[in-house]
Amino acid sequence: MGDLAAAGSLPAAGSLAAAGSLPGAGELPELANVHWRERVSEASLRRADRTWTLSIVAHEVPFLVTAVVLPLLAPVLAIVSVFALGFAWTIPALYAARGAGVLRPQRRRAQTDAGAETRALGFLGDLVGHDVRELVTRTGLAVERGAFGVWVVGPAGALLVRPGGRRVQCYCVRVAGGELPAADRVAHLLLALRADESGFATVANLTWSGACWRLRRHLSASAREGLAAGMAMAREHPRG
Amino acid sequence: MSRLIRMDQTGHTVLAHWSPDDLAGTEAARAALQAELDRGYLAVASEPDGSATAVRELPLDSELVILRRPIAGG
């Protein structure tokens, strides 16, 4: 067993191979750990979008119906309508806040020194193009165009802005090793994404899907800037 | 000159340099790559155009091979 497996919570390459059917050449080795999952495709992403929309509608409709019907039955029940409208607004907002958590700024670990952060940020800047480098320096987030849309990659997760720039999916995904600089974590995820976008989305956990405007309200300033950059790139390639 | 880089807690560490006509450098890079793969690192050949390929052996024609740690859903 490798050092990383011994030290952390993730398996070594050897045990990845032993965990299930070994992914083919060019595929993420981590897919062996989630062999039961259907590989993500454009069709499965659209299905996930529809499921999330239906879920939100199912949450909202009872509250909205309550808010409309009760005052018609008895005007005094208007106060209940106000609460129902509050729930109709709050519940989707709580889900969106959970999605926004994937780009929540992380506290710097005690074992990570500032020099390592600077070196890692420089390395990440070398991996991305000139147009993205400034965004990386300002926000610590990398924006990458993929087949499924535009990815906004942070240290512990990523947003996938779908073509057209109106809808976004939030993915929670982590790197083994607590002592890595934040920019190194972004570089890890970016390289995995570039190597196998479908595999990356399969390994990561989808935490939320919905409208960009709903997510934006719950993001930090730097994450909002990253989302805006992703939306701008996604608008250049409207949904086909 | 191609480079083998490991992303680690220092930011990154250059483990080896090689060129196709440098047999000793190539062998050293191969050995370093294998040692890191055995430790649980995963290798990615990163190309200047922004593409990347997961590799298990040293690609001699790649300019940059990066060792990363496994990822998992959070």
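Residues are numbered from 1 along each chain as its sequence is written, while chains are lettered from A and ligands numbered from 1 in the order in which they are written. Because the model is predicted, local features need pLDDT of at least 70 and side-chain atom pairs count only at pLDDT 80 or more, whereas totals for chains, interfaces and linings use all residues.

**Confidence**

Let us start with pLDDT, the predictor's confidence in each residue, from 0 to 100. Chain A has a mean pLDDT of 87, with 85% of its residues at 70 or more. Chain B averages 92, and 100% of its residues score at least 70. For the complex, the predictor gives an ipTM of 0.93 and a pTM of 0.88.

Helices (H or I, at least four residues) and strands (E, at least two) are DSSP runs, numbered from the N terminus. A contact here means two residues whose C-beta atoms, placed from the backbone, lie within 7 Å.

**Chain A**

Chain A comes to 10 helices and 5 strands. Of its 240 residues, 43% count as buried; a residue is buried if 20 or more other C-beta atoms lie within 10 Å of its own, exposed if 12 or fewer, and partly exposed in between, with C-beta atoms placed from the backbone. Among contacts in chain A with a separation of 6 or more, 65% come from residues 24 or more positions apart.

Two of the helices can be checked against their expected span, which is 1.5 Å times one less than the number of residues.

| Helix | Residues | Number of residues | Expected span | End-to-end C-alpha distance |
|---|---|---|---|---|
| α7(A) | 182-195 | 14 residues | 20 Å | 20 Å |

Helix α3(A) bends by about 25° at A:Glu60, and a proline, A:Pro62, follows within four residues. That bend is the angle between axes fitted to the seven residues ending at a position and the seven starting there. As for α7(A), 14 of its 14 residues are buried, so this helix is largely enclosed by the rest of the structure.

In helix α10 (residues 221-235) of chain A we find A:Ala229. A:Ala229 counts as buried because it has 21 C-beta neighbours inside 10 Å. Leaving aside residues up to four places away in sequence, A:Ala229 touches A:Leu135 and A:Val143. A:Arg50 is 179 residues from A:Ala229 in sequence, and their C-alpha atoms are 25 Å apart.

**The strands of chain B**

Strand β3 (residues 42-46) of chain B is mostly covered, with 5 of its 5 residues buried. In a regular strand the side chains alternate between the two faces of the sheet. Both faces of β3(B) are covered: B:Leu42, B:Val44 and B:Ser46 lie on one side, and B:Ala43 and B:Ala45 on the other.

Strands are said to pair if DSSP finds at least two bridges between them. Strand β3(B) runs antiparallel to β5(B) (residues 64-68), joined by 5 bridges, and B:Ser46 has B:Leu64 as its bridge partner there. Another 4 bridges join β3(B) to β4(B) (residues 52-55), again antiparallel. Here B:Val44 stands opposite B:Ala54, and B:Ala43 stands opposite B:Val55.

The hairpin formed by β3(B) and β4(B) has 5 residues between the strands, and B:Gly50 in the turn has a positive phi of about 95°. Strand β4(B) has a covered face, B:Ala52 and B:Ala54, and an uncovered one, B:Thr53 and B:Val55.

**Where the chains meet**

At the interface, 26 residues of chain B are in contact with 46 residues of chain A. On the chain B side, α1 (23-38), β3, β4, β5 and β6 (71-73) each supply at least two residues. By class, that side has 11 nonpolar, 11 polar and 4 charged residues; Ala, Val, Leu, Ile, Met, Phe, Trp, Tyr, Cys and Pro count as nonpolar, Asp, Glu, Lys and Arg as charged, and the others, Gly among them, as polar.

Strand pairing also links the chains: β4(A) (residues 167-175) and β6(B) pair in the antiparallel sense over 3 bridges. In this pairing, A:Arg174 stands opposite B:Ala72.
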